[in-house]
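Here's a quick briefing on some aromatic pairs and a helix packing. Have a look at the structure first, then read on.

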Amino acid sequence: MEKKEKFASDTSGRNAADWAKALAVLLAGLVTAHLGVALFLLSELGTDTFTVFIQGLSRVFGLTVGTMHVIVLCILMAVMLLGTKGYVKPGTVVCAFCGGPIIDLFTWLFGDYINAQAGLGVRVVSMVAGCVILSAGMSIVINSNAGTGPNDLVAVILSDRIEAIEFRWVRVGCDLFFVVLGFILGGTVGAGTAAAVFLTGPLVQFWLPRTKRVVQSVLHEE
């Protein structure tokens, strides 16, 4: 059986120019991923898995979704910094604080065309395309080795720890956990949520080796 490749990597040998390129690649992946998130959310067929969890927490603590999102991401980053090595990097902070504005931008650009009043076919295509684009962008972010969002790092770290299980199934398990707990706490679940649970992990694993070759050629890394 082929040994599963781990996500943790040593980036101590990178100089300032290397980090600049890696963060540029990460930003390109982040923009791609959040285009997918925006398309998914605009379809209004369900909330993405992590947002269900955040919605539930926001209702329990009486805070806005945006405020709760920042709090949870900061807690996750702190826990990962203390409990793991080689995962939280400069790009993790970029992902944590730049995702929201990027989603807002794409929502503004496409909101007049994709919304609850659009035909069901348009909304379904938007939802599926969103999952595919999100997964491709996420794979670029991961392959940049510059860091990834704290919520996405949960599956990445667990995948490295649980060597016998492929990343896709670890990701599905994490998404299910967020959805179930979020639903219990009062978060909103829809058909799109179920699609996100079972499509995101397998699609990210599909894209990872394909975008890795491109990213490595840009960064000149092996």
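Phenylalanine 53 counts as buried, because its relative accessibility is 11% and the cut-off for buried is under 20%. Bear in mind that this is a predicted model. Its partner in an aromatic pair, phenylalanine 178, is buried too, with a relative accessible area of 8%.

**The Phe53–Phe178 pair**

- The ring centres of phenylalanine 53 and phenylalanine 178 sit 5.3 Å apart with the planes at 40°, so this pair goes down as tilted.
- This one ties together distant parts of the chain: phenylalanine 53 belongs to helix α2 (residues 49-61), phenylalanine 178 to helix α7 (residues 167-185), and 125 residues separate them.
- Both rings are part of one aromatic cluster, made up of Phe50, Phe53, Phe177 and Phe178.
- The count of aromatic pairs comes to 6.

- Phenylalanine 106 and phenylalanine 110 make a stacked aromatic pair, at 6.3 Å centre to centre and 15° between the planes.
- Both residues are in helix α4 (residues 90-110), 4 residues apart, which is about one turn of the helix.

**Threonine 92**

- Helix α4 also holds threonine 92, and this residue is buried, with a relative accessible area of 0%.
- Leaving aside residues up to four places away in sequence, threonine 92 touches Met77, Tyr87, Ala146, Gly147, Thr148, Pro150 and Leu153.
- Some of those neighbours turn up again in the next topic: Met77 is on the α3 side of the α3–α6 contact, and Pro150 and Leu153 are on the α6 side.

**How α3 packs on α6**

- Helix α3 (residues 65-83) packs with helix α6 (residues 150-161) at an angle of about 30°, and their axes are 9 Å apart.
- That makes the two helices, α3 and α6, roughly parallel, because angles under 35 degrees count that way.
- As for handedness, α3 passes α6 in a left-handed crossing.
- Which residues meet across this contact? From α3 come Leu73, Leu76, Met77, Met80 and Gly83, and from α6 come Pro150, Asn151, Leu153, Val154, Ile157 and Arg161.
- Sorted by class, the contact of α3 with α6 has 8 nonpolar, 2 polar and 1 charged residues.

Conventions:
Residues are numbered from 1 along each chain as its sequence is written. This is a predicted model: local features need pLDDT of at least 70, side-chain atom pairs count only at pLDDT 80 or more; totals for chains, interfaces and linings use all residues. Side-chain values use heavy atoms; hydrogens and water are left out. Axes are lines fitted to C-alpha atoms, for helices over the stretch in contact, and angles run from 0 to 180 degrees between N-to-C directions. Angles under 35 degrees count as roughly parallel, over 145 as roughly antiparallel, 65 to 115 as roughly perpendicular and the rest as oblique. A crossing is left-handed if the near helix is turned anticlockwise from the far one by less than a right angle, and right-handed if clockwise. Contact means heavy atoms within 4.5 Å. Ala, Val, Leu, Ile, Met, Phe, Trp, Tyr, Cys and Pro count as nonpolar, Asp, Glu, Lys and Arg as charged, and the others, Gly among them, as polar. Rings of Phe, Tyr and Trp (its six-membered ring) pair if their centres lie within 6.5 Å; planes under 30 degrees apart count as stacked, over 60 as edge-to-face and the rest as tilted. Buried means under 20% relative accessible area, exposed over 50%, partly exposed in between (1.4 Å probe, protein chains only).
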